[in-house]
Amino acid sequence: MSEAEIDSLAWIHVRDRRLLSVRTEGKAKFYLPGGKREPGEGDVAGLCREIKEELGIELAPQSFRFFAVLNEQADGFADGRRVRMTCYTADHRGEPVPGREIAESAWLSSADAHLCPPAGRRMLGLLAEAGLVD
């Protein structure tokens with residue numbers, strides 16, 4: 001991974017053929033829930049922490065299933081920076097409620113791809129190809 005690449009984690013959660021997405025305060029686009037690891041933090045611990053902070057729910061560590069790695073143009077960087085996003089599905093406890101810096105959450109279909117940065121558009125396309133979202 002290059003220094004200019006952003007290394008992040010994302011939780012892929014589909015309900016009723018829609019993908020859970022979040023919009024951060026001050027941003028216009030919807031992102032996949034998750035974020036960057038803290039130093040020394042593994043994928044499971046990092047994603048559990050991020051989802052607890054963003055949505056107030058607990059992911060079940062033993063239920064993590066690798067879904068995909070995305071490598072797309074990072075949103076909001078004029079220098080051509082890319083984001084490498086390791087994506088997992090996982091069971092959870094609780095109902096997602098926006099917290100911390102999250103302005104709102106939304107359940108998106110492939111028709112909503114224009115509301116997302118490149119990684120979100122790519123994920124919606126993958127899920128649509130797999131017949132998991134409309």
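Arg17 is partly exposed, with a relative accessible area of 35%. Here buried means under 20% relative accessible area, exposed means over 50%, and partly exposed is in between, using a 1.4 Å probe and protein chains only. This is a predicted model, in which local features need pLDDT of at least 70 and side-chain atom pairs count only at pLDDT 80 or more, while totals for chains, interfaces and linings use all residues. Residues are numbered from 1 along each chain as its sequence is written, and side-chain values use heavy atoms, with hydrogens and water left out.

Back to Arg17: you'll find it in the loop between strand 2 and strand 3. Helices (H or I, at least four residues) and strands (E, at least two) are DSSP runs, numbered from the N terminus. Arg17 has a positive phi of about 65°, although it is not a glycine. Asp16 sits in that loop between strand 2 and strand 3 too, and its phi is near 50°, again a positive value in a residue other than glycine. Asp16 counts as exposed because its relative accessibility is 67%. The hairpin of strand 2 and strand 3 has 2 residues between the strands.

An open sheet of 3 strands runs in the order 2-3-9, with antiparallel pairing. Two strands pair if DSSP finds at least two bridges between them. Strand 2 (14-15) and strand 9 are the edge strands, each pairing on one side only. Strand 2 and strand 3 share 2 bridges in the antiparallel sense, whereas strand 3 and strand 9 pair, also antiparallel, over 6 bridges. Strand 3 is largely enclosed by the rest of the structure, because 5 of its 7 residues are buried. In a regular strand the side chains alternate between the two faces of the sheet.

Here are some residues that face each other across this sheet:

| Residue | Stands opposite |
|---|---|
| Arg15 | Arg18 in strand 3 |
| Leu19 | Leu108 in strand 9 |
| Ser21 | Ala106 in strand 9 |

Leu19 turns up again in the largest nonpolar core. A nonpolar core is a set of buried Ala, Val, Leu, Ile, Met, Phe, Trp, Tyr and Cys residues joined through side-chain atoms within 4.5 Å. The largest one has 21 residues, and those with the most contacts inside it are Ile12, Leu19, Leu32, Leu70, Met85, Cys87 and Met123. Strand 1, strand 6 (65-73), strand 7, strand 9 (102-108) and helix 2 each supply at least two residues of this core. Helix 2 gives the most to this core, with 4 residues. Apart from it lies another core, of 14 residues, among them Trp11, Ile57, Phe64 and Tyr88.

Not counting residues up to four places away in sequence, Cys87 touches Ala10, Ile12, Arg65, Phe66, Phe67, Ala68, Leu70 and Met123. Contact means heavy atoms within 4.5 Å.

Then there's Val133, in the segment after helix 2. Val133 counts as buried because its relative accessibility is 3%. With residues up to four places away in sequence set aside, Val133 touches Val14, Arg17, Arg18, Leu19, Ser110, Leu124, Leu127 and Ala128. The C-alpha atoms of Val133 and Arg122 are 13 Å apart, with the two residues 11 apart along the chain.

Over in helix 1, Glu54 is a charged residue that counts as buried, because its relative accessibility is 5%. Leaving aside neighbours within four places in sequence, Glu54 is in contact with Val22, Pro33, Gly34, Val97, Pro98, Gly99, Glu101 and Ile102.

Last comes the open space. The largest pocket has a volume of about 670 Å³. Of the 26 residues that line it, the closest to its centre are Thr24, Tyr31, Gly34, Gly35 and Lys36. On a 1 Å grid over the protein atoms alone, a pocket is an open set of points where a 1.4 Å probe fits, with protein on both sides within 12 Å along at least five of seven lines, and lining residues have an atom within 4 Å of a point. Strand 1 (5-11), strand 3 (18-24), strand 4 (34-35), helix 1 (43-55), strand 7 (82-89) and helix 2 (118-129) each supply at least two residues of the lining. Strand 1 provides the largest share, 4 residues. The lining divides into 13 nonpolar, 7 polar and 6 charged residues.

Conventions. Grid points are joined across faces, edges and corners, and a volume is the space filled by probe spheres set on the points.
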